[in-house]
Amino acid sequence: MKIKSILASSILLFSLAAHSAELPDSPPDSILYISGQEIIVTPLQKKPVTGLSVGKITLDPAAALHLPALLGNTDLLKLLELTPGIQNSGDANTHLYIRGGDPGHHLLLYNEIPFYTSGHLLGFFPLFNADHLAVLELHKTGVPARYGGRLGSVIDVRTKNRLPEKTSVQGNVGLLSSQATLQLPLNEKFALFLSGRKTYLNLLMQPVLNATVNKNAKNRVDGLDYSFYDVNFTLTGDLSEKDRVTVDAFFGQDHFDISEEDLLLNGNLRWQNYLLSAKWDSRIRNNPWSQRVYVSAYRNTLFTHQAEMTLDRLSELQDIGYQNSYRFSLWNNQLETGLQYIFHTLRPQVYSIRNVAMDYQPADFSPEQAHEAAVYLSSTQNITDQWKVDWGLRYNGFFQEQFMQSLEPRLLLQYRLNETTSFRAAYNRQNQYLNSLSPSSVGIPMDFWVAASRQIRPQSGNEFSAGYFQSFNKENFELSAEIFYKTMNHVNEYFQTFAGSLDESYEDQLLYGSGHAYGLELLFKRNYGRWTGWLSYTLARSERTFEEINQGKTFPARFDRRHDLSLVSVYTFNPHWDISLVYVYATGNAYTLPSSWYFINHTPVKEYGDYNSARMPDYNRMDLSVNYWYKKNNGINFSVYNVWMINNPVYIFMNVEHNENTGLIQVNIKQKKLYTLTPSVSWRFQF
Amino acid sequence: MKRYFYILGITLLLVSCAEENAVQFIEYTPKVAVEGWIENGFPAVVLLSRTAPFDHPLDTTALMKQIITSAKVSVSDGEQTEILTLGVNYDYMPPYIYYGQTLRGETGKTYTLKIEYNNQVISAETYIPEPVPLDSCWFVKTSPSDTTGYIHVRWKNTSDAYYQIATKVAQKETVYTPCLYGNFSAAQLTVDAIVEIQINKGPMLFPKIQFNTYFSAGETVYLKFRTQPKAGYDFWTSWQNEILNAQNPIFPAHTNLISNIQGGTGLWCGYGTYTYQIETQ
């Protein structure tokens with residue numbers, strides 16, 4: 001009866017588990033699963049959530065559909081930002097910031113394959129089409145040894161691979177985009193999943209901007225033209241009782257035009273991802289064994305014309321990889337071992353610059369090639385009924401110009417005091433040989449990747465964490481508290497200027513330093529009843545120290561957030577109607593602000609204060625959503641993003657201007673923001 | 001049931017009270033800003049001011065208070081030292097200028113600037129590189145009926161120079177303005193080749209904003225073709241980036257100009273210069 005109630009009301013369900021559950025290849029039916037160790041978000045529910053136990057946090061599958069979403073699009077990654085330790089990224093930002101790390105520090109995987117992307121512009125659209133996905137995992141603490149190559153957390157998105165019983169089409173029709181997913185059983189053993197998404201932003205976006213942002217002339221957003229589409233394809237089937245094959249493909253492309261007449265600037269930006277993989281799951285002596293080959297690529301092209309200068313920039317990265325894994329038991333140990341290899345081909349920055357009649361000598365832009373390989377062994381063992389230990393060891397080798405290697409121990413120790421109380425401690429050592437650099441400090445997706453070499457240093461880091469988990473009232477209420485401390489070596493800050501592109505390579509504009517982050521993460525949630533939800537709070541600090549910045553003084557990282565609070569609440573009236581609310585408060589970003597100005601050559605110029613010494617205004621936002629379900633999985637969603645129309649600027653800049661009428665020289669402060677109150681309506685269907 | 005609506009109501013009320021926060025200024029610490037140069041064949045020129053705060057507008061009186069008129073400014077070539085004298089020239093901003101008279105710039109020599117002001121000693125060093133002459137320069141209109149056009153210049157590139165092209169329109173402009181992207185390194189061009197480029201008039205923000213990149217027909221344009229030390233090249237590149245890209249969302253500028261002044265900010269620069277006069281007929 002209780003389970004029925006949960007399903008009918010689509011409430012949020014969480015639980016805490018004393019030990020992390022290993023995800024099966026076919027994902028569980030639960031939809032959002034969060035623990036101190038990992039977070040799993042699944043978009044759809046077929047069965048009730050079962051086996052709620054201490055230490056595992058689970059969200060009802062339909063819950064994501066019932067939460068407010070910008071323009072009606074369910075965004076699983078944005079949903080993660082409402083949980084402890086994952087910082088709010090603000091408006092128009094597509095990066096994810098986890099436990100004080102940089103955006104390039106987390107490993108984004110699509111079916112365990114590295115996925116390189118800058119995200120979609122403006123934060124309007126989810127990175128992935130949720131209808132094609134079966135599960136999303138986030139490993140935040142105690143990262144298993146099978147994951148490597150990054151300094152921070154791991155996000156693994158898994159596509160659907162369970163054979164559907166019948167043909168179905170589901171999707172969403174919204175004001176700015178639509179999506180559809182076809183599930184097609186080919187026969188009793190094979191099935192095909194095909195999804196597509198397309199935006200038609202330009203039809204309606206400019207009227208929205210004109211009605212909101214552009215009312216204030218100082219904050220006008222003009223000349224903005226953006227679109228994207230993506231296609232997901234999955235073919236899966238059983239060759240025999242022991243053998244299953246899965247073929248995955250993904251292709252996505254974004255296109256963005258911008259013009260700023262004030263700056264004599266116009267340009268366009270295109271970025272593309274494609275991915276193709278084939279996986280074979282089998283068994284050796286009845287133990288799971290799998291292997292996969294894949295190719296994953298990212299390409300970003302920019303054309304910019306400013307005054308009389310034209311700049312074309314290309315950045316691309318392609319991975320060709322192979323990976324296998326084998327799981328077996330030995331002396332009451334659950335063991336896993338595997339081999340991974342990636343052949344990277346990179347062209348980080350290819351420039352072509354024209355200035356009317358001037359020809360610049362082309363630099364050497366031949367592709368870079370790097371080899372990355374790893375072997376690992378991990379173990380899970382219940383020492384007693386109360387104690388459990390997970391350990392792992394990963395060896396990495398990387399070659400570009402020179403050979404680099406590292407050994408990474410991983411340890412996760414768990415103690416279960418009783419049915420409702422557990423404790424956990426973890427240690428990770430991680431290394432990163434492929435670094436992400438982002439020229440834009442305001443979220444324009446121009447990220448590119450560079451490989452460690454004689455000039456580019458690899459990054460390394462350590463993370464320690466400890467947590468306490470408690471449930472009450474038969475798991476209806478749950479509380480978790482976790483602390484973490486991480487160190488980061490050879491982190492980078494990248495400073496690229498438009499004119500500096502002429503004669504400086506990216507290596508010249510890269511600075512290296514160290515970083516550390518620490519914090520306390522709290523979560524309190526209610527699982528059952530008409531009124532469900534959670535309250536998440538993170539108190540944290542993330543700092544960097546660079547010899548060349550601020551005279552070597554330690555400074556806050558850009559997304560250092562002292563306070564990050566999220567409230568999520570859903571109230572279900574009946575099977576047809578529910579209402580939900582999200583409230584987010586976060587300390588403002590650190591940024592660099594001018595402190596004074598002076599004249600040079602008859603022109604006022606700014607003298608900036610210490611790097612990242614100023615703070616953007618605190619981020620505040622409340623969203624509301626109402627769903628009307630006229631039948632199962634079919635309904636209308638009404639959402640209002642930023643109900644209180646609070647101005648959360650994307651970036652702030654100051655100019656010194658001479659008022660010719662008054663003779664005054666004054667500072668002009670401009671806060672660029674994209675959207676305040678944004679209502680939307682969308683239709684969700686399945687047949 | 002009712003209490004839940006109370007909770008919702010209180011939550012909405014609390015958040016609705018959140019106000020948009022104003023931008024908070026960071027602490028203002030004044031610095032001495034220097035704009036000084038010495039050209040081959042000419043004495044030194046130095047403009048001094050204090051950097052002005054961001055938190056309030058300045059009228060003419062307040063602006064004048066930022067100008068430094070009581071400093072002792074000297075320039076030395078290692079053999080002779082000259083103390084510069086203060087004069088007034090409303091062609092410049094700030095309009096009080098320290099002039100040299102006897103010590104004139106010579107190609108290849110190093111010049112040290114020393115400023116003593118308010119118990120501070122501010123210093124910088126530069127040299128005058130070998131100037132490079134233009135082969136020719138001329139004005140081009142796209143069609144005979146056009147009233148505007150561009151100036152083209154041609155010269156033989158050397159191997160290690162840092163060039164700057166600056167222009168001043170007679171009767172209209174009071175100072176030479178570096179051309180748009182007119183600050184470049186010889187290494188960006190083919191060494192020892194004859195180079196021809198179209199120059200684009202540089203942006204001006206004071207007293208009026210002027211972003212036109214072309215010249216009008218019927219003007220007299222003075223053009224300085226300069227060589228400068230690396231410090232000058234870095235400074236003027238960052239200066240142009242600051243002017244053009246402070247609001248650029250793709251490549252934003254938020255770093256200080258690259259200064260060579262010890263104890264202050266700005267530039268002390270030697271130039272190897274050839275000056276040309278062009279009639280834009």
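Predicted model: local features only at pLDDT ≥ 70, side-chain atom pairs only at ≥ 80, totals over all residues.
This tour moves through chain B and then chain A, naming at each stop what to select.

Residues are numbered from 1 along each chain as its sequence is written, with chains lettered from A and ligands numbered from 1 in the order in which they are written.

**Confidence**

Begin by colouring chain B by pLDDT, the predictor's confidence in each residue, from 0 to 100. The mean for chain B is 85, and 87% of its residues reach 70 or more. Select residues 10-20 of chain B, where pLDDT stays under 50. For the model as a whole, ipTM is 0.90 and pTM is 0.84.

**Chain B overall**

Display chain B as a cartoon; three helices and 17 strands make up its secondary structure. Helices (H or I, at least four residues) and strands (E, at least two) are DSSP runs, numbered from the N terminus. Of the 281 residues in chain B, 39% are buried. A residue is buried if 20 or more other C-beta atoms, placed from the backbone, lie within 10 Å of its own, exposed if 12 or fewer, and partly exposed in between.

**The open sheet**

Select β5, β4, β8 and β9 of chain B, which form an open antiparallel sheet in that order. Two strands count as paired if DSSP finds at least two bridges between them. At the edges are β5 (81-83) and β9 (120-127), each pairing on one side only. Next, select β4 (residues 72-76) of chain B, which three bridges join to β5(B). Within this pair, B:Ser74 stands opposite B:Ile83.

Move to B:Tyr98, in strand β7 (residues 96-104) of chain B. B:Tyr98 counts as buried because it has 24 C-beta neighbours inside 10 Å. Beyond four places in sequence, the contacts of B:Tyr98 include B:Val46, B:Leu48 and B:Val73; a contact means that two C-beta atoms, placed from the backbone, lie within 7 Å.

Now select B:Val34, B:Val46, B:Leu48 and B:Ile165, which touch the most other members of the largest nonpolar core, a set of 66 residues. Such a core consists of buried Ala, Val, Leu, Ile, Met, Phe, Trp, Tyr and Cys residues joined through C-beta atoms within 7 Å. Strand β1 (residues 32-39) of chain B supplies the largest share of this core, five residues. Centre on B:Val34: its contacts beyond four places in sequence include B:Ile115, B:Ile122, B:Ile261 and B:Trp268.

**Helix α3 of chain B**

Select residues 230-245 of chain B to show α3, whose 16 residues reach 22 Å from the first C-alpha to the last, close to the 22 Å expected at 1.5 Å a residue. The expected span is 1.5 Å times one less than the number of residues in the helix. Because 13 of its 16 residues are buried, α3(B) is largely enclosed by the rest of the structure.

Turn to chain A and select β27 (residues 477-494) and β28 (residues 510-526), which run antiparallel and are joined by 17 bridges. A:Ile483 stands opposite A:Leu520 in β28(A). Finish at the turn of the hairpin formed by β28(A) and β29(A), which has four residues between the strands. In that turn, A:Gly529 has a positive phi of about 105°.
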